[in-house]
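The following exercises concern the architecture of one protein chain. Please work through each task before reading its solution.

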Amino acid sequence: MPPPKDVVKIAIQMVGAIPQLIELQQTKPLASVLKDVCDAWSLPNAERYALQYADGRQTYITESNRRDIKNGSILRLTTSPDQEAERLYIGIQSKNVDVKTDSLKKLASLSQDVTFAQEFISRNGLKQIYSIVEEGNDTGEMLAHTLKAFTELMEHDFVSWENLSTVFIKKIVSYVTMNAVDASIQQLSLSILENMVPTSHIFFEVVRKEVTLDRLLTHLQVTNAELQLKAMALLIALLLSATDAERREMMDTLREKNIRQFIHKNIIHSSEPLGDEMAHYLYVLQSVSLNLCEHRMKMSMDPYSQEQRDLLQSLRQAAFESEGEVPAGTFSTERRRSLCAKEFRKLGFVNNSNPAEDLRRAPPGLLALDNMVYFSRNTPNAYSRFVLENSSREDKHECPFARSSIQLTLILCEILHIGEPCSETAQAFYPMFFGQDHFFEELFCICIQLVNKTWKEMRATQEDFDKVMQVVREQITRTLSLKPTSLELFKTRVNALNYSEILKLRQTERLHQEETLAVPVLELREKLKPELLELIRQQRLLHLCEGTLFRKISSRRRQDKLWYCRLSPNHKVLHYGDVEEGVQSPPIESLPEKIPVADMKMLLVGKECPHTKEKSSGKQNKDVLELAFSIVHDVEEYCLNFIAPTRYEFCLWTDGLNVLLGKEMTSERTQTDLDVLLSMELKLRLLDLENISIPDEPPPIPKPPSNLNFCYDFSHAEQ
């Protein structure tokens with residue numbers, strides 16, 4: 001008979017004593033439980049003791065988290081958080097170096113626990129940590145423990161970062177800027193500054209002034225991957241906290257220092273694989289850099305701006321005026337206006353008498369004009385060839401340069417998400433972005449020539465303009481999805497993906513998506529579905545048995561803490577636990593926590609999950625909501641919360657958990673997999689019927705014959 005829901009069987013250890021095996025009554029006050037445990041070991045003053053987990057993070061057991069205790073958990077009787085906090089508070093003030101170091105080391109470890117942190121902070125313990133740092137007498141291991149303890153205590157958000165003193169901040173900054181400092185101290189200092197910068201613009205100004213970009217770039221160039229990561233994290237925090245003007249200034253400085261080329265060579269193409277955190281930071285750096293174009297993208301052309309009119313005229317002059325031509329001043333005003341209008345029409349402006357009108361639409365606004373001018377100045381031969389080649393065609397077959405450039409700029413802005421805020425979890429960056437300083441403009445130069453090439457391949461007329469641009473968008477997106485490492489490689493691949501190749505790809509995809517609608521085939525599909533769904537169920541459970549590495553994401557900032565979850569081979573228990581960075585597939589025995597499948601009650605996804613409700617705010621990230629799911633077990637208050645690393649993992653895990661719960665698989669991936677398997681199975685079964693039309697109705701069964709005399713009687717033959 002299973003134990004009641006409010007009773008869990010646990011073991012309690014104590015150094016030098018025989019462990020106790022007890023049935024913990026969850027309805028019984030924790031103080032009474034401790035009293036019983038202490039009495040069994042004849043320990044007085046039960047209020048001085050507390051229970052904590054013996055394995056893992058060794059969290060203290062409190063009334064608020066006691067419901068997380070599972071059957072078979074091993075707890076340890078230890079000093080209560082308030083007693084331990086008092087002891088360490090005195091220990092870190094000791095004149096004895098060994099005592100002080102040991103106290104700081106223990107403090108750094110225990111500060112991860114919210115109950116202990118609350119007790120220590122309530123004793124004004126942070127003030128002592130400030131003093132240790134500000135006095136600057138301690139270095140090496142002692143200082144590393146101090147900074148680690150400070151970081152962990154601040155994680156709990158009991159104290160505002162704005163309470164930090166200027167002396168403390170400058171001391172932390174000095175550990176980053178000095179050379180002769182241990183790498184572990186520099187990592188912790190960079191992490192502290194990264195957390196501090198977003199909380200106040202004053203802190204941002206102090207850090208930006210004291211920690212120069214040159215110094216951050218020096219840290220980026222080290223071989224220590226962790227230090228490199230923390231330096232990149234601080235750089236991104238500074239960029240995100242800056243105003244538009246400050247951000248532009250910082251990006252200009254980084255461009256002068258050739259940071260893109262350094263990242264392209266030493267981080268993206270380093271011998272070590274790129275971690276998720278670094279991939280996210282590179283995505284943010286790319287996004288911030290591209291969003292510098294947003295200002296020009298949203299600005300319409302001002303026909304009264306002499307600077308903008310000069311840029312527009314430079315396009316005409318670069319295409320049609322050469323040194324040997326007669327200056328326009330020798331013509332009458334009317335003749336000159338007529339000539340300019342004709343030339344602007346050849347350039348592909350719709351409103352050739354007033355081409356500025358074509359650039360009033362925003363987006364793409366002035367960004368389209370900037371791209372056209374860049375193309376004409378940096379690739380003059382290609383520009384002249386584009387314009388003159390189309391000038392010699394019939395009017396209806398001309399590829400309009402200006403109109404195409406304006407639409408192409410808009411397409412590139414949409415593909416590269418210019419003007420959109422950075423995602424908190426995305427990692428999709430383009431390696432080739434970091435191999436080129438003027439990435440957007442150079443990409444435009446390649447793609448505008450692609451427009452002309454595709455126009456010719458399609459033998460397009462003016463009526464086909466939208467169709468051509470749709471094909472060009474497809475060529476660009478398909479090529480970008482291959483993640484080319486350089487613009488040269490992008491150029492080669494996108495030009496190889498000509499119009500005929502696009503048609504072939506579309507045809508192939510259409511054939512894959514098309515379903516034969518003949519009634520017998522539909523009936524066959526229905527008969528095959530149960531077998532194939534069972535195959536998908538087995539695949540989902542196999543994936544859960546292999547397990548997945550999940551990342552913990554807090555509401556305040558990205559965490560680099562990992563945990564792993566996997567299903568037991570007999571599909572009866574879900575094992576999970578924290579793991580270190582770099583561990584790919586930990587053995588099931590190393591995962592201390594477990595949930596029996598029989599205790600699982602419900603699966604929650606998206607906004608229904610408790611961990612998304614806790615963090616719900618105006619800034620709730622859509623990406624996280626789409627990847628969140630929770631398992632409700634025992635009673636509804638108990639949840640194991642997940643944030644899947646990808647949408648693919650989300651689909652596989654939610655499907656697998658639904659299978660364990662005896663429910664239907666509901667993810668979009670199930671339907672996709674089922675469609676693929678059905679398509680393959682149908683094609684195999686109908687292989688012999690190729691080019692044979694299948695009737696909607698089966699052929700009629702003939703009537704039975706009037707007699708069966710035509711049957712041969714073998715019995716007579718044997719006689």
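**Exercise 1.** How many residues has the largest nonpolar core, and which of them have the most contacts inside it?

*Solution.* The model is predicted, so local features need pLDDT of at least 70 and side-chain atom pairs count only at pLDDT 80 or more, whereas totals for chains, interfaces and linings use all residues. Residues are numbered from 1 along each chain as its sequence is written, and side-chain values use heavy atoms, with hydrogens and water left out.

Step 1. A nonpolar core is a set of buried Ala, Val, Leu, Ile, Met, Phe, Trp, Tyr and Cys residues joined through side-chain atoms within 4.5 Å; buried means under 20% relative accessible area with a 1.4 Å probe, protein chains only.

Step 2. The largest such core has 150 residues, and those with the most contacts inside it are Phe-150, Met-232, Ile-263, Leu-347, Leu-408 and Ile-476.

Step 3. Helix H21 (residues 439–458) gives the most to this core, namely twelve residues; helices are DSSP runs (H or I, at least four residues), numbered from the N terminus.

Step 4. The core lies between domain 2 (83–272) and domain 3 (298–321 + 333–509), because both give residues to it. The domain bounds come from an automatic or database domain assignment.

Step 5. Apart from this core lies another, of 38 residues, including Leu-544, Val-597, Phe-642 and Leu-660.

**Exercise 2.** Determine where Ser-287 lies and what Ser-287 touches.

*Solution.* Step 1. Ser-287 belongs to helix H14 (residues 276–290).

Step 1. With a relative accessible area of 9%, Ser-287 is buried.

Step 2. Not counting residues up to four places away in sequence, Ser-287 is in contact (heavy atoms within 4.5 Å) with Glu-420 and Cys-422.

**Exercise 3.** Describe the contact between domain 1 and domain 2.

*Solution.* Step 1. The C-alpha centres of domain 1 and domain 2 lie 36 Å apart.

Step 1. Six residues from domain 1 and seven residues from domain 2 take part in the contact.

Step 2. About 630 Å² is buried between domain 1 and domain 2, buried area being the accessible area (1.4 Å probe) that two parts lose on being put together, summed over both.

Note on methods:
Buried < 20%, exposed > 50% of the residue type's maximum accessible area, 1.4 Å probe, protein only. Helix = DSSP H or I, 4+ residues; strand = E, 2+ residues; numbered from the N terminus.
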